[in-house]
Amino acid sequence: MLGRVVYLRFSRGLSTSARHATRVSVLGASGGIGQPLSLLLKQSPLISRLALYDIAHTPGVAADLSHIDTRATVTGHLGPEQLGDALKGAEVVLIPAGVPRKPGMTRDDLFNINASIVASLVNACAAHCPTAMMCIIANPVNSTVPIAAEILKRHGVFDPQRLFGVTTLDVVRANAFIAEIKGVDPAQVSVPVVGGHAGKTIIPLLSQAKPHVDLPKDKMEQLISRIQEAGTEVVKAKAGSGSATLSMAYAGAHFAFSLLCAMAGESGIKECSFVSSTITNLPFFSSPVQLGKHGVQKVEGLGKLTAQEEKMVEEAKGELAGSISKGEKFAASFEC
C-alpha cells in the first residue's frame with residue numbers, strides 16, 4: 001500500500017539470508033531532524049553501519065546510539081575534515097542538514113542558507129560515494145534536489161535512479177488527517193501526494209485515497225489546505241522553538257526503510273518521491289515511484305484525476321518550474 005509500511009516488515013519480511021547489510025550515512029545527524037532520524041534508523045536490521053556526520057555534537061550522538069542493542073554499528077564524524085570518512089562506502093545517504101523554517105522566514109531565506117549546505121555535501125558525496133542512493137530531506141526540496149542533480153552532473157556521476165527528494169511527510173500527514181476525519185486506523189489509509197514539497201505544489205490526490213474520502217466541497221478544500229500548510233501549523237504551534245522535526249524524522253525513516261527493503265530484493269514497494277521525471281513537462285516531479293534494487297524502478301503516472309486535481313497540477317507547475325530553475329542556477333555558480 002502506498003505510503004504505508006508496517007515496521008515489523010523490516011525485521012520479518014525478508015529471510016535472514018536475503019537481508020542486505022547496508023551502509024547508511026546521515027548528514028546533519030545532530031540536528032532536530034537528524035537525531036530522531038538516526039535513532040529510528042538504528043532500529044533497522046537492514047543497516048550494518050550507521051555513519052553520523054555534522055559540524056557539532058556527532059561524537060556524543062554516536063556514543064549514545066551505540067549503546068542500543070541493535071545490529072548497526074554507529075560512528076560519529078565531526079566537521080568537514082571527517083566528512084569523507086563518514087561517506088566512505090556509503091550505499092544510502094540521507095541529508096537532513098540545514099536550518100529549519102522559523103516564523104517569518106521566507107522560502108528565499110531558507111534557500112539562501114540551505115542551498116550552499118546541500119551543494120557542499122552532495123559535492124562530497126560525488127567524490128566519496130558516487131553510486132550511493134541520495135535522499136534529500138533539506139528544504140526547500142523543490143530546489144535542493146535540482147541542486148544535487150546539477151552538482152552530480154558536473155562530476156559525471158548523476159544517476160536519476162539514485163536521487164530522491166523525500167516528500168513522504170506530505171503522505172504521512174494526509175494519511176493522518178484523513179484517518180482523524182474518518183475515525184479509522186491511520187494504517188488503513190493510503191493517499192498519493194504529488195507535485196512538490198511546498199505550499200500549493202503539494203497536491204493530495206484525494207480522489208485516489210483509500211478508503212474513499214467523501215466530504216462536502218468546503219470540508220474537502222479545508223483538508224487540502226491543511227495538508228499543504230501543515231508545516232506552518234507546526235511552526236506556529238512551536239511558537240518559534242522549531243519546525244516539524246519529529247514527524248519529518250519519522251517520514252525520512254519511513255522512506256529509508258522502504259528503499260532499504262527494495263535494495264534487499266523485496267518487490268512491490270512504492271513511495272511518492274520528488275524525482276527526475278517525464279510525466280509532466282518539468283524535469284522533476286513528485287509522484288508514486290516503484291522502488292527496486294537500483295533505486296527508481298519505475299516512475300508512475302498520476303492516474304485518473306478530477307477536474308480540480310488537474311487544475312491544481314497545472315497551477316503548481318509554474319511555482320515548481322521557478323523553484324527548479326532557481327536550484328539549477330545556483331548549482332551552476334557553485335564552486336565544486
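This tour visits a helix crossing, a pocket and a cavity in a predicted model.

Number residues from 1 along each chain as its sequence is written. Local features need pLDDT of at least 70, side-chain atom pairs count only at pLDDT 80 or more, totals for chains, interfaces and linings use all residues, and side-chain values use heavy atoms, without hydrogens and water.

**Stop one: the crossing**

Select α7 (residues 168-182) and α10 (residues 245-263). Helices here are DSSP runs (H or I, at least four residues), numbered from the N terminus. Their axes come within 8 Å and cross at roughly 110 degrees. Axes are lines fitted to C-alpha atoms over the stretch in contact, with angles from 0 to 180 degrees between N-to-C directions. That makes α7 roughly perpendicular to α10 (65 to 115 degrees).

Now show Thr168, Leu169, Val172 and Arg173 in α7; they meet α10 residues including Tyr250, His254 and Phe255. Contact means heavy atoms within 4.5 Å.

**Stop two: the second largest pocket**

Select Lys200, Glu221, Ile224, Ser225, Gln228, Gln308, Lys311, Met312, Glu315 and Ala316, the lining. The volume is about 260 Å³. α11 (307-333) gives the largest share, five residues.

On a 1 Å grid over the protein atoms alone, a pocket is an open set of points with protein on both sides within 12 Å along at least five of seven lines; a cavity is a set where a 1.4 Å probe fits but cannot get out; lining residues have an atom within 4 Å of a point. Volume is the space filled by probe spheres set on the points, joined across faces, edges and corners.

**Stop three: the cavity**

The whole structure has one cavity of 30 Å³ or more. Select Pro130, Ala132, Met134, Leu152, Val157, Asp159, Arg162 and Leu163. The space inside is about 40 Å³.

Conventions:
Helices (H or I, at least four residues) and strands (E, at least two) are DSSP runs, numbered from the N terminus. Angles under 35 degrees count as roughly parallel, over 145 as roughly antiparallel, 65 to 115 as roughly perpendicular and the rest as oblique.
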